[in-house]
Structure formats: structure tokens, C-alpha cells
Amino acid sequence: MTAEAGDVLSALQIGEKARVLGFELPPEHRQRLLEMGLTVGAEFEVVRFAPMGDPIDIKVRGYHLSLRKKEASGVRVARL
Amino acid sequence: MTPTALEPARGEVVRHVAIAGNPNCGKTTIFNALTGLRQKVGNYPGVTVEKKTGRFFGSHGEAMELLDLPGSYSLQVRSPDEAVARDVLLGRLPGVPRPDVIICVVDASNLERNLYLVAQMLELNIPIVVALNMVDVAEKNGVVIDLMALREKLGVPVIPTVGTKGVGFIELRQAVSRSPLPAPAICAQMPIVLERETMALARQLPVAPEVARGEALLLLTLHDEALDAIAHHDRAIIDATRAAQQRLTASGIDPLSAPVDARYAWIGQVCAAALHKGGAHDDASISDRLDSWLTHRVWGWVAFLGIMALMFFCIFTVAQYPMGWIDSATAGLADFLKDKMPDTDLRGLLTDGVIAGVGGVVIFLPQILVLFFFLGILEDTGYMARAAFIMDRLMSKVGLHGKSFIPMLSSLACAIPGIMATRTIENRKDRLVTILVAPLMSCSARIPVYAIMIAVLLPAASGFQKAGIMLSMYALGFIAAFGMAWVFKKHLFKGDTPMLLLEMPPYRMPSLRGVLQRMWERGLLFLRRAGTVILALSILLWALATYPKPSDPEATPSEAIAHSYAGQMGHAIEPLIKPLGYDWKIGIGLLASFAAREVFVGTMSIVYAVESEDENTEPLRDTMRAEKHADGRPVFTPLVCLGLMVFYVLAMQCISTVAIVRRETNSWRWPLFQIAYMTGLAWLGAFIVYQGGRLLGFQ
């Protein structure tokens, strides 16, 4: 994937904040993330990982959303 | 209904109102408060699945029908629940009139994301009243909402409410009774090219002009696969949609994301004007602190296992008492009838068919109620979402996701609520797989079978030994369920990677009233099933075990059953079950318990002509232990006992589950497939135990 474009969500650590730059995901998955408020330009914070390391709980638009690393690795982000 | 020129009669519905909103926004509480009708209130996303309506009265006493739409995040449909909501709003669900007005409930403490659905609703051209719910929580969290600005920006009435405290309902009633109710004038502005394509497509749609734009926009935002799956439009419409999507893509606009971006951009403007954050973050921080324990690497598991253990401890201990009462009550009723009635077929039908059959199922009501009490509390508090969060990684190993865990867990008490709980799973294939494997989890109806077989196997076993065998049966059920899920995902429903998107709502105090209401509703549902399907089957099974009657009137009950159709069928299937070490008498038990596995114990009592068949299983145990084949070998060898237990772990043997799977999948295909594969698996399991054990030199 286009690693040079920046980081991906799954590479972030707990407490890190970032902004969404774009997606490398199937259209259906991308659309669902968008609808849940993870739009391009949206800022979020990585809150925690599940006990087995996956999924990831992020805080976006004031609420908690969890997604798997697999999808998170397709979300290009810029650290804030 | 025939149109009438007269004034509506008193009580006649003058307005159809739908109530919609995201999961966890408190929609159901408002529905209950408005209608007084009892309904589920939960915290786990997507709790509302059945069609719920209730009647309420406007500010001038006019009757209105309120329809509770399933909670959804978007009108872009992913789950069966969300499809219902969309179809009602587009007026294309048969038998459900398109609503005259929508009450759109939004969670004030989570305004931004909640407004997304509002943005989509505004595109549907139906009058909307926004109920700005949980304003108290928002305020505590330091969120200040400028009502005037919000009203102006949304262009529709906005009523602040606190559903749990009854704040704002008078104003809400007033707002929906107002006449006329103008359709909304404002909605998110789409890019010009997209707007042009939308209107062009809208003109081709064979729907009412007022919904055409909204529907066209929904069509244009569908991805390829979803477009292919559409059944309610002509091919021509689908082709036109595709062509429009291609033109849009060519002009640099992604039809899948552009409308979403436009709506969020508009929401951004609304929030910039009306939403002011700051101050203390009380509730949120309490929730966060709780989560740092409850989803902790170590303590998260401790808490999770502790909660599960407590739940099952209560199911198997607290429920024992009422189960005992039900047992004595049914036995007492049967004895009473035996006393008072002459020994006729009718008496047999009533006592051995109706009372024994239905009583044998109703006895599980206490366990089901306790289970629903716990599930209700876990849902209401928001812990369910955490359970899914914690379990997701494990579930993903077999290709499912965390949301499948709740149905599997519930199936440990009874597969029926478990299968009903699969409705929150968006992905159809995942949902089917979960439904197919859920009955492999050892439900409470298997306990009587395990108990008698353990007693036959090890009459002098200590409590620990018994518990150990019992637990290994549960473990086998788990392994089988997860293994089969993996097999199904790998071979039957290939190439589909489910996505997990889970909202973790803040923890909330559960309302005891809501939880008890839900228990009551679910209990009634269960009883209704026992009263219909199970009653019919009990009568059928009784007839099979009674007729034809032996010519000798002095025949013993066990001779009679041997002579009956059931006995004949037992003989008929003997070649099939011989490799498992069973004789035709066990065959009768297997056949008779096809409808409900716990019937096995009662049937074996009849087959072996054991007098007492109630709590005291010792006579049956001893008779079974003494039972010999014609050549003098004992029937119930350890391998046969173990094999029978394995058989019951894996076999479907529950007609109520068949009925519920039929209803939930809307076809006979899946329940029949399920019966076939589970029976096959059960036979194979018992075969391996018996023949494998003999090869290893065991008996």
C-alpha cells in the first residue's frame, strides 16, 4: 500500500491523535467508515486496544467507535 | 380501508407517525413513554428488531399510530433491521403506510454522528420533528446546544427531551399534531453534477414524486454488489444507475462517498452554529475509567468471565426453585386427572401428551427468564458492546465477529433467544452461519439427558466427577460450534470478509422496569411457542407412541410402546443406530426426543416401564444399568453412555429451534440443512466414540 503517503490508523499508539487522509479499502467498507463519521479530514484519538490487541477503540466526533486492525490498516492518516 | 367523507370516528387513526434514530439514542424509551406500550430498551446497538406500534393522542385528543423503526445509523442499508427502516420511510413496505411525520430522535450528547441520519431523513421529503434527547447528559458533559440556532439550521421543529424523566413529551405531542406539517426545506447540498444525475434518475423511478429524489440518491450511493442484489426495481433502473455512477466517476466525483461527505460538511456547519463544547466531561470520563478496567488486558477477562460465571450460576441455581414448582405442579395436575378420569385414550392424551409435553418445555421458562434478566442488564448498561469488543479477536479466528458472540452465549440457555439475537448482525452470511451453529451450544434442555446418562455411566460419581463430565460436554458443544462456523465460513460462504464497526456507548444505569418488561415479553413469546408448536408435536408424539394398541388389553406399557408406531420406527432405524451401539429401544428415545431432547428421559422411563419418573431418577438409572441385549451383554456400556451424550451435544433435536430458524431465515432450506448436518454430525460423533473406543479396547 502507499506507505509513503503517511501513516495508517493501525500503526498509531494509544493516546495518539490523527486526521484521516484517505482510504485503501473496498468501496463498501470505505462507505461504512465514512457514514460513521470517519470522513476525510475527521480528527480522532486512539483510545485503547481490546485485550487481545484487536479491535481498536477510537474516539471520533465525540463517540467511541471500534474497528479491526485489518480495516484500520486501510485508513491513511496524518498524526497531529 | 374505504375512503369516507365523514369526520374520523373517535379513536380512528388520523396520522401515522414513525419514530427513528440511531441505536442507543433512547428512541425506545420515548416510544414507550408516548404510547405506554411495553417495549425493549437497550444499550446494545440494534436492540429493536420487531415491528412495534402503539397508539398515542395528539394535543387535541386525535389518535395517532406510532411506529417504532429499528435503530439504524444510515438509510444505506446493511442489516435486515435497517432495511425495514428504509422501506417504511420510502413507503414500500407492504401493509405499512408511509408515515405522515417522522420523530427523529437524536442523542444530544453525541449530536454530530446522530445528525447524519437526520441529514438523510431530510432528503426524504417527509415532515420531521427532531427530539433532541438526553439533553441532561449532554449538559453534564459540558455540551451546550443553541436550540434557536439548531432549529434554524435544520429548518424543522427541535424539541429537547429527557426520555427517562418524561421531559419534553407535551411539546413533542404538540409538534407532531400541528397541522399542516410542512416537509423540510433544507438539506445537505450535493455537488452540482451529482444533483443533476440524481434528478435525472429520480425522473425515471416508478415511485411517488415526493420520494423520488431521496430514493435516487440512495440508489446512486449503492456499491456494485448491493445494486446487483436489488429486487424491487427493473433492470433498466439498475443499468441507468450504473451509467450515472460511471459518468460521475469520470467527472471526478465518487458516488459512494460524495453524498456522505456533503452531509457531514453540512453537519459541520450546523454544529458550528449550534454546538458549543467545553466544561467538565463527567459521564464520559466515568465511562472511560470503567472501560480502562472492563476492557483491560487482564482485568477485562476476569470481569468478563466473572459476569458469565455469575449469569450461569444464577441460571442453574436460582432458576432451580421455580423449576421445581412447575415440575410438581404439572405432575400434580397429571395425577389429579389420572385420579378423576376413567382410563381412556383422552386421559392418556391429556396427561401423557399435553401435560407432559408442554410441562416439559414450560419448565425451562425460569431459566430463560433469568437469562433475559441478565442479558437485559448487560444490554442496558452497555456492557454487551464491550463483550463483543473483547471477544472479537477470538471470533474472528473462525471468520465471525464479536457480535456473533452474544447469540452463541445466549444459546447456552436456549437456542431460541440466541437465534433471535442474531438480528443485529449486519452481514447476512455471518448471520446465517451464527444461526446454523448456535444450537450446537449446549442448552439447558440437554441437562436432563446429560444428568441421566452420567448417572447411568457413573452411579457413584462424586459431584466433581459429574461436573467434570458435564463441563466436557459443554466444551464439546463450544468446539463443535466454532469448528462448524469455521467450516461454513471457509466452504459454504466463501470470499466474504465481515467488517466490524462497533459503537461503544457510554455506560448507563439500567432501568429495572425496562429489564423486567423485556423479560415478560420474551417469556410470553416462549410460552406462546410452547402453547402452539410444542403442544401440536406432543400430541403427535403421544399418538405415535400409543397407536396402534396391542391386541392384548393386559399388555404392559413397555409392551404397548414396542407395538406402537414409535416402536415400529425404533425397529426400523435399528440398522442405522446399531453401529453406535444402540438398540431399538434407544431408537424410540431418539425418535421421540426429535421434537425436544429432554423428552428422551421421559420416553426411556416409559420404554423401560419405570414407575416413578419425576425428580427421582434412581429407578430409571438402575433399570437402564440392568438392561441387557438378547445375548446378555449390557446395553448401557460406558461407551454407549458417552456416545449418547455426544449425540445429544451435536444433534438438533428441538422443533422450537427449527421453527424459529424457519422464521428468521424465511425459508425451509436452512432449518432442513441444519437438521441434516447436525444429525449427521451427531451420528458421526457417537460412531467415533463407540467404534473408536472399542478399537482402543474399551467397552
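Student: Where is B:Val302 placed?
Tutor: B:Val302 lies in helix H13 (residues 299-317) of chain B. Helices (H or I, at least four residues) and strands (E, at least two) are DSSP runs, numbered from the N terminus. This is a predicted model: local features need pLDDT of at least 70, side-chain atom pairs count only at pLDDT 80 or more, and totals for chains, interfaces and linings use all residues. Residues are numbered from 1 along each chain as its sequence is written, chains are lettered from A and ligands numbered from 1 in the order in which they are written, and side-chain values use heavy atoms, with hydrogens and water left out.

Student: Why does B:Val302 count as partly exposed?
Tutor: Because its relative accessibility is 45%. Buried means under 20% relative accessible area, exposed over 50%, and partly exposed in between (1.4 Å probe, protein chains only).

Student: Different topic. How many residues of strand S4 of chain B are buried?
Tutor: Seven of the seven residues in S4(B) (residues 101-107) are buried. One side has B:Val101, B:Ile103, B:Val105 and B:Asp107, and the other has B:Ile102, B:Cys104 and B:Val106.

Student: Which residue stands opposite B:Cys104?
Tutor: B:Val130 in S5(B). S4(B) and strand S5 (residues 128-133) of chain B run parallel, with six bridges; two strands pair if DSSP finds at least two bridges between them.

Student: And what about strand S1 of chain B?
Tutor: S1(B) (residues 15-21) is parallel to S4(B) and joined to it by five bridges. There, B:Val17 stands opposite B:Val101.
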